[in-house]
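Student: I have just opened this entry and have not looked at it before. Could you walk me through it?

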Amino acid sequence: MAHLDSEVKEECLREDLKFYFMNPCEKFRARQQIPWKLCLQILKIVMVTTQLVRFGLSNQLVVAFKEENAAAFKHLFLKGYSGTDEDDYSCSVYTQEDAYESIFFAINQYHRLRNISLGTLGYGESEGNRIGLKVCKQHYKKGTMFPSNETLNIDSDIKIDCIHLDLQALSQSSQDWKNSSFFSLEFYRLLQVEISFQLKGIDLQTIHSRELPDCYVFQNTITFDNNAHSGKIKIYFDSDANIEECKDLTISGSIQKNTQYVLVFDAFVIVICLASLILCTRSIVLALRLRKRFLNFFLEKYKRQVCDADQWEFVNGWYVLVITSDLMTVIGSVLKMEIKAKNLTNYNLCSILLGTSTLFVWVGVIRYLGYFQAYNVLILTMQASLPKVLRFCACAGMIYLGYTFCGWIVLGPYHNKFQNLNTVAECLFSLVNGDDMYATFAHIQQKSLLVWLFSRLYLYSFISLFIYMILSLFIALITDSYDTIKKYQQNGFPVTDLQEFLKESSSKEKCQKESSAFLSRVCCLRSAGGKSAVLTATEMALSKGDRGWTAPQNCQKHAVKLQIISRSDDHLILVN
C-alpha cells in the first residue's frame, strides 16, 4: 500500500511539473485554462506604452521650456555672448575693462528685464524674501605682488564679501552703486565674482496640449572665474529651474475635464499593473513550493541533491522582470498623477521610472517569442554566453582602466579629450568602436616631442589591442555560444535530472497509449458468437511470470473479460 502511495505521489509530482513548464497555449489545450497572465501582459503593453507616449510629449515641453529659457538668459545677461558656449564655460574676457563691463552689463540687464525680455518673466524673491540680486566676490585676504621683481606676498586665507542690490537701489543713478568701493577689484587677489538672482516664469505652451500650465522659479548664477590668474576670466552661467505649484490658476475651457480623463487612465494602468504583480507573485510562490516538493522527492528516492541548474529552473526570471516592471510602473504612475494634479514637480524621477518599466515590458515580449524555436536562439545564446562574457569583460576592464589612467595623466594637459577621467573613458570607448579616430590623433598638441611620440605609441597600441584582439575574442565568445546552441537544437540538449524525471513520465504515457490501442484491437477481433482470435504474444507485449503468461494490469482493468484456453510458446488463443 505504501508503494502504491509513493507511485501516486510521484505521478502527481510529474503532472504538476509538466504543467508548470508548459507555455500558455499548451496549458490551455491541456486543462482549458485561460492564460490570464498572457492576456494581461498584452493589455499592459498597450496601456503602459500609451501612458509613456503621453508623458513623454509633456516632458518634452518641460525640457524645451527650461533649455530655451537658459539660452535666453545667456543672451540677456552675458555681454558679447555668441550663442555657442566655449568648451564648458559660456564666454571669457581678457581685460579689466571687459570684466567691469560684463559685470555692470548683467546688473543693468536685470534692472531692465521687464522692458527687454520677450518671455513671461518676473522678479523672484532671493534670500531673506528680498527682491534683487546678490553680488559676492572671493579674494585673498591681503597681498602684494611685483612681477617685474619676481616678488609675491599673499595671505592664502580667502575672504568673501557680498552686497545686495534691490530694485530701489538699481533705480537710482547707476554711478552711485558702480562707484562703490565693493566694485574696486584688485585682480591679482581676485578669485571669482558671483552674481545670483531669481526669476519667475509661467509655461503657457502646455495650454495648447490641454494641460494645466507650470510655474517656474529660475535660480540664475553668473560666475566670473579668475582662479587660474592666467589673464583669462572664464564666465559661467548656470540656471537651475524648479517647478512650483501656481498659487492661482483660472483657465476656462476643457483643460480641467481633460485632466480628469488622464487621471482616470493612469488609475486604470495602476490597477492593471497591480493585477499583473499579484498573478506573477502567485506564480513564483507556487513554483517555489513545487521546487521544494521536487527536492524532497529526489532526496528520498535517489538519496542525492538536485543540481543547481535544475533548482534555478523553478525561478522564472521573466516573472521577476515583470514584477520589477510593475512596481516601477505603479510608483511612476502615482508620481505622474501627482504631477498632473500639480502637487509634485519631479519630472526626472517619474520619467526614469516609466521609461525603465516600459523597457522591461517590451523586453518581456521576448519570452513569448521564445516559445518558437526560430526565435528562441537569441535568448538561449544570451543565456549561454553571458557568464563567459562577464568574466571576459572583468579581465578586459583591468586593461581598459590602465589605459584610462595613463591617458589622463600624460595626455590630459595636451588634449581636450583627456582632461578628466570621464572624457578619457568616453574617448577610448569611441576608439574601440572606430569612431573619431583621425580627430583624436590630430588634436594632440605638438609642443612636446616626447609627449607626441608617447601619444602615438599609446593610441596605436590601444587600438590594435582592443580592436584586433580583445574585440575579436569578445565576438568569438558569443559566436561559440551560438554554434553550441545550434548543435543542441539539431542533436538535442543535454538531459538534466529534471528533464530525465519528466522524460520517464512521457515514456510511461506512450506505453500506456500503445497498450490501450492494442487492447482495442483485441476487442475488435472477438466475434459476436464466441469465435476465437489467435494473437502473437509479442504483439500483446505480455509479461511472463512464474505461473505462465499473464496479461498486463491495464488489460486486466478493461471491461472485456478474456479466458486463456490454450497456450503455446508463440501464440495464445483467447475467447470471450
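Student: What share of the residues in the protein chain is buried?

Tutor: Please keep in mind that this is a predicted model. Of the 576 residues in the protein chain, 36% are buried.

Student: And how many helices and strands are there?

Tutor: The protein chain has 19 helices and 12 strands.

Student: What part of the contacts with a separation of 6 or more comes from residues 24 or more positions apart?

Tutor: Such residues account for 69% of those contacts.

Student: Which residues have the most contacts inside the largest nonpolar core?

Tutor: They are F77, I107 and I222, in a core of 49 residues.

Student: What does F77 touch, leaving out residues up to four places away in sequence?

Tutor: F77 touches F105, A106, Q109, Y110, L113, F197, L199, I222 and F237. One of these, I222, is also among the residues with the most contacts inside the core. There is a second, separate core as well, with 21 residues, including A396, Y400, I467 and I470.

Student: Let us turn to charged pairs. How many salt bridges does the structure hold?

Tutor: It holds six salt bridges. One of them joins the side chains of K44 and D326, with 2.5 Å from N to O.

Student: Why does the pair of K44 and D326 tie together parts that are apart in sequence?

Tutor: K44 belongs to helix 3, residues 36-77, and D326 belongs to helix 10, residues 317-340, so their pairing ties together parts 282 residues apart in sequence.

Student: Are K44 and D326 buried or exposed?

Tutor: Both K44 and D326 are buried.

Student: Which residue does K336 meet in a salt bridge?

Tutor: K336 meets D266, at 3.0 Å from N to O. D266 is in helix 8, residues 255-302, while K336 is in helix 10, so this pair ties together parts that are 70 residues apart in sequence. D266 is buried, with a relative accessible area of 0%, and K336 is buried at 7%.

Student: What about E186, which residue does its side chain meet in a salt bridge?

Tutor: The side chain of E186 meets that of R189, at 2.6 Å from N to O. R189 is buried, with a relative accessible area of 14%.

Student: Why does E186 count as partly exposed?

Tutor: Its relative accessibility is 37%, and partly exposed covers values between the 20% limit for buried and the 50% limit for exposed.

Student: What is found at the start of helix 10?

Tutor: There, a side-chain oxygen of N316 comes to within 3.0 Å of the backbone nitrogen of W318. Just after helix 10, K342 takes a positive phi of about 65 degrees.

Student: Now the cysteines. Which of them does a disulfide join?

Tutor: The structure holds one disulfide. It joins C136 to C162, with an S to S distance of 2.0 Å. The link of C136 and C162 is right-handed, with 110 degrees about the S-S bond. C136 lies in strand 3, residues 132-146, and C162 in strand 4, residues 151-166, so the pair ties together parts that are 26 residues apart in sequence.

Student: How accessible are C136 and C162?

Tutor: C136 counts as buried at 12% relative accessibility, whereas C162 counts as partly exposed at 43%.

Student: One last topic. Where does N226 lie?

Tutor: N226 lies in the loop between strand 6, residues 214-225, and strand 7, residues 233-244. N226 is buried, with a relative accessible area of 5%.

Student: What does the side chain of N226 reach?

Tutor: The side chain of N226 reaches the backbone oxygen of L190 at 3.0 Å. Leaving aside neighbours within four places in sequence, N226 is in contact with F187, L190, L191, Q192, K232 and I233.

Technical notes: Residues numbered from 1 in each chain as written. Predicted model: local features only at pLDDT ≥ 70, side-chain atom pairs only at ≥ 80, totals over all residues. Heavy atoms only, no water. Salt bridge = Lys/Arg side-chain N within 4 Å of Asp/Glu carboxyl O. Helix = DSSP H or I, 4+ residues; strand = E, 2+ residues; numbered from the N terminus. Buried < 20%, exposed > 50% of the residue type's maximum accessible area, 1.4 Å probe, protein only. Core = buried A, V, L, I, M, F, W, Y, C linked by side-chain atoms within 4.5 Å. Contact = heavy atoms within 4.5 Å. Disulfide = S-S within 2.5 Å. Polar contact = N/O pair within 3.5 Å; in protein donor to acceptor, adjacent residues only side chain to side chain.
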